[in-house]
Amino acid sequence: MSAADHAWMAHALRLARQGLYSTHPNPRVGCVIVRDGQLLGEGWHQRAGEPHAEVHALRQAGDRARGATAYVTLEPCSHYGRTPPCAEALVTAGVARVVAAMRDPNPLVAGRGLERLRSVGIEVASGVLESEARELNIGFVKRMETGLPYVRAKLAMSLDGRTAMASGESQWITGPAARSEVQRLRARSSLVLSGADTVLMDGARLTVRAAELGLDPEQAELAVKRPPLRVLVDGRQRVPLDAPFFQAGPALVASTSEAAESYRAAGHELLTLATAEGRVDLPALLRTLAERGANEVLLEAGPRLVGAFAALGLVDEYQIFVAAKFLGSSARPLLDLPLDRMSEARELKIEDIRAFGDDWRILARPAG
């Protein structure tokens, strides 16, 4: 692959990122049409059910697309869904070459789009900036490959590793810039998941607030048009329906019993998923959410629930916001994760550390 191939694919990826907050449950995809070093058309997928990136780019290029090269961040689809297949659109447009960043992990595509292009004599290449393309759609890729969503745990702590005072008081550990980044994490997620303790103690709504996103108006508008589903793990149904969480809009409750018809009457959904020990079955919950199209789950919960996800190996990424303050030895720990020996320690690989205002964000993933 040439330097030009990498440069044009990088441009397509920048376009794809514009759909970061709006394409659920579809992947974020960008496309550019190029001939003789000139950009003829570009586009990105904005919302599910609307035209894909290739269609936008081809419309812009018009007849000039014939004989051109199309750079697309994900293999063009080959099946009919809510929109026609993009592979056929590229064939009809008469492009001479298609470069894809990666193959589509969706079993409905899985190489068929590229093969369709080859079958009519179009030159095909893939693997250009593949790691960047996979990272952009990390949740979609995981859901297609494993049947589970990508779980991102957001935590806020003091320098001494504490998340709340012994009383449960936790607002606010971090400052406005960190909280704005959390709003963006919510906006990009398919759903936000929390537990009864957090919702009761903090009066949490877990909504996306446009004014706090720090995005340009167009992206902010797209983000609030597709708010993430809010999911509450509440095995004993402790959170009352007049709590701010339920007053903020429809939600899904994962519980261990089918007792409360009042949830449905109030416009919420109740899922009964119980383990033999009488707890909410977290792996089953994630599988169910993935079946409904959830790509990225933002876990915003207290030490007990995040610790339960961690103990089961269900957390793919930790976003830990660290404030320059001490909360003291009686304050609550980051995770409720009882370990007795050093050999049991959970190793993480730190991927990124950066400042958000006066706070720092550590992005880490389980090692291996």
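## Basis

Helices and strands here are DSSP runs, numbered from the N terminus; a helix has at least four residues and a strand at least two. The structure is a predicted model.

## Annotated binding site

An unreviewed UniProt entry annotates His52, Cys77 and Cys86 as "binding site". The three positions span 35 residues in sequence, but no two of their C-alpha atoms are more than 9.3 Å apart, so they gather at one spot.

Cysteine 77 sits in the loop that joins β3 (69-72) to α3 (86-93). Its relative accessible area is 9%, so cysteine 77 is buried. Histidine 52 is in another loop, the one between β2 (38-44) and α2 (53-61). With a cut-off of under 20% relative accessible area for buried residues, histidine 52 counts as buried because its relative accessibility is 19%.

## Helix α9

Helix α9 comprises residues 217-225, and its buried residues are Gln219, Ala220, Leu222 and Ala223. Viewed down the helix axis, these buried residues fall within an arc of 160°, so they line one face of α9. On the face turned away from that buried side are the exposed residues Pro217 and Lys225.

Elements that cover the buried residues of α9 include β2 and α7 (176-188).

## N-terminal cap of α9

The N-terminal end of α9 is capped by aspartate 216. A side-chain oxygen of aspartate 216 lies 3.1 Å from the backbone nitrogen of glutamate 218.

Note on methods. Residues are numbered from 1 along each chain as its sequence is written. This is a predicted model: local features need pLDDT of at least 70, side-chain atom pairs count only at pLDDT 80 or more; totals for chains, interfaces and linings use all residues. Side-chain values use heavy atoms; hydrogens and water are left out. UniProt positions are given in the numbering used here, feature names are shortened, and annotations may be inferred rather than shown by experiment. Buried means under 20% relative accessible area, exposed over 50%, partly exposed in between (1.4 Å probe, protein chains only). The arc is that of the directions from the helix axis to the C-beta atoms. Contact means heavy atoms within 4.5 Å. A polar contact is a pair of N or O atoms within 3.5 Å; within protein, one must be able to donate a hydrogen and the other to accept it, and residues adjacent in sequence count only if both atoms are side-chain atoms.
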